[in-house]
Amino acid sequence: MDKGPLLYTEKPVLGISACCMGSPVRYNGKGWNMLDNLGRDKSSFIWVPVCPELFSGLGVPRDPIHIAGESGKDVWDGTGRVIGRSRSDVTSDVIEGCNIGAKILEKSKVKAFVYLDGSPSCGVYRTSLKNKRIGKPPGVFGAHLFERGYFLIPVLDLQSPLKWWDCKRRLLAFLWIDSAEIKNKRDIYEVWYRYKFICQELDEPWAREKGNELANLDHDPDEEYIEFFKKEIMDLLRKPSKTNKIINSLWKNYSYYRRKTGETIQGILEPDTKRNITTVARELSLMERASYDKEVFFGTAPVIYRDVKRIEKDRI
């Protein structure tokens, strides 16, 4: 079995709330360029900006909107409404705008979306930015994306080196398994070998149970089982990890790297050493690079992105 890193060679396509890419499309005509902090990482993705409220035909500037009902999900169910500041009912307009945004994402083959939390349209865990209130999440567009299994990234996670690293490695694992061809028991075992470590980090009880289930698999699974297997892992990968779990996973895999190569990596600290999140993110990047160069499997980040030209260059 090949125990090297899995390579994702297609440039990932990310949808993003247009206001977070600098477009002045918010209700008050403002926007923020939240991608500057990514530096060169920005060029590793294709970006598809959308604004459901702008697509609703509400214009800029416009009345701010809010959800009348339990959440944006109720708007789709017909039990909630979207109301403007002037008490105008813009429900049908917003639904139309969300549908337009969804079609753009689908046409662009987007599977992941960077969203502005606090927005009544794009928000997932907040639909208000006032006085730290959460509003009525998820928003209308956010509910649509969540229910359809998109990999969702809060835009503020792009500003944290560690949260962004966590997003990227989970995203690449999400995209790879989504497109993976799994046909039989052997294929499932090979995928699980590579994914079990990140699954253990994210949800150890579930991963242990899934490992036992696969160990007792005595026949080639049918298509339904395979699709459910992929969906379970993809749903797990949508959830962020925690700093202490990432550090422990890093150390576990670094110990494996040292046994395998007999080498150390300068800059990787022991798990109980105090350091900030920027340092942790740097350690993880060092581990990724060294593992790729030495062809040693790094279970904390089982999939890495390399375009074909770069792979050819690395092999020279």
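Visitor: Is Phe 174 buried or exposed?
Guide: Phe 174 counts as buried, because its relative accessibility is 2%. Buried means under 20% relative accessible area, exposed means over 50%, and partly exposed lies in between (1.4 Å probe, protein chains only). This is a predicted model, in which local features need pLDDT of at least 70, side-chain atom pairs count only at pLDDT 80 or more, and totals for chains, interfaces and linings use all residues. Residues are numbered from 1 along each chain as its sequence is written, and side-chain values use heavy atoms, with hydrogens and water left out.

Visitor: How many aromatic pairs are there?
Guide: The structure holds eleven aromatic pairs. Rings of Phe, Tyr and Trp (its six-membered ring) pair if their centres lie within 6.5 Å; planes under 30 degrees apart are stacked, over 60 edge-to-face, and the rest tilted. One of the pairs is Phe 45 with Trp 164, tilted, with 5.7 Å centre to centre and 55 degrees between the planes.

Visitor: And what sort of pair do Phe 151 and Phe 174 form?
Guide: Their centres are 5.3 Å apart and their planes are at 65 degrees, so the pair is edge-to-face.

Visitor: Where do those two lie?
Guide: Phe 151 lies in strand E7 (residues 151-154) and Phe 174 in helix H5, so the pair ties together parts 23 residues apart in sequence. Helices (H or I, at least four residues) and strands (E, at least two) are DSSP runs, numbered from the N terminus. Phe 151 also counts as buried, at 0% relative accessibility.

Visitor: New topic: which ring does the charged end of Arg 238 sit over?
Guide: That end sits over the ring of Phe 146, 4.9 Å from its centre. The rule asks for NZ of Lys or CZ of Arg within 6 Å of the ring centre and within 35 degrees of the ring normal.
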